[in-house]
Amino acid sequence: MRIFLDTANIEHIRHAARLGVISGVTTNPTLVAREGAGDLKAAVLEICSIVPGPISVEALSLDAEGMKREARELSSWHENIVVKIPVSEAGLEAISVLSGENIKTNLTLCFSANQALLGALVGATYVSPFVGRLDDIGHQGMAVVADAVELFDHYNLPTQVIAASLRHPLHPIAAAKAGAHIATIPYSVLMQMIRHPLTDIGIARFAEDWKKVIKQ
Ligand code: E4P
């Protein structure tokens, strides 16, 4: 399973990229807005220059024509750009055309295995089940990831499953066990994955003990 960073924060992306653990980035309008108004194209191109992997950027049109127009524009910015398109009739129609043009797409706001299956059938490059938002309303979000992986494996569908809307450090483990191709995680969760209090205690104790050796 690969890890993508789920953020538009440039410093966080730079840091995670330096660690060598991320191979892509996902953004959405909320995450972009959190970083303040600015030049979207410049910000996206900066992310592309930091991470040499898939960078998801969301199309905002609600109709198929607008989605296709936006997707062609966004994907012309950089070869690694993946256009996020939400599940809807318009979204499926747009993806079915865009996949024929070799434009990479990420079916977003996916909340069921049926939606994921339809995304794969129209040729989406990725589908993104939103695990945390399903958990929030009392559903088993990760079950949608597992079902999508099983369906795609069964029929050799090339679409990859991105476990999205992950909120805590148990989520990447569950995503990996469910067979997700990718887990996209917030920076805070990446930091939580790295840290363990016993590691910190162990490092401090080794350093103290080594000082005693040096003194001898
Ligand atoms: C990723 O593609 C999604 O935009 C993101 O994971 C949504 O996360 P949230 O449900 O925490 O907003």
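Which residues surround the ligand? I listed Asp6, Asn28, Lys84, Phe130, Arg133, Ala164, Ser165 and Arg167 around the ligand, where a residue counts as near if one of its heavy atoms lies within 4 Å.

A note on the basis: this is a predicted model, in which local features need pLDDT of at least 70 and side-chain atom pairs count only at pLDDT 80 or more, while totals for chains, interfaces and linings use all residues. Residues are numbered from 1 along each chain as its sequence is written, and side-chain values use heavy atoms, with hydrogens and water left out.

Then I looked up distances to oxygen atoms of the ligand. A side-chain N or O atom of Asp6 is 2.5 Å from one, and the side chain of Lys84 has an N or O atom 2.6 Å from one. For Arg167, a polar side-chain atom lies 3.0 Å from a ligand oxygen. The ligand alone exposes 350 Å², and the protein buries 85% of that (Shrake-Rupley method, 1.4 Å probe).

Last, the cysteines. I found zero disulfides, a disulfide being a pair of cysteine sulfur atoms within 2.5 Å. Cys48 counts as buried because its relative accessibility is 6%, and Cys110 is buried at 0% (buried means under 20% relative accessible area, 1.4 Å probe, protein chains only).

Terms used. Polar contact = N/O pair within 3.5 Å; in protein donor to acceptor, adjacent residues only side chain to side chain. Buried < 20%, exposed > 50% of the residue type's maximum accessible area, 1.4 Å probe, protein only.
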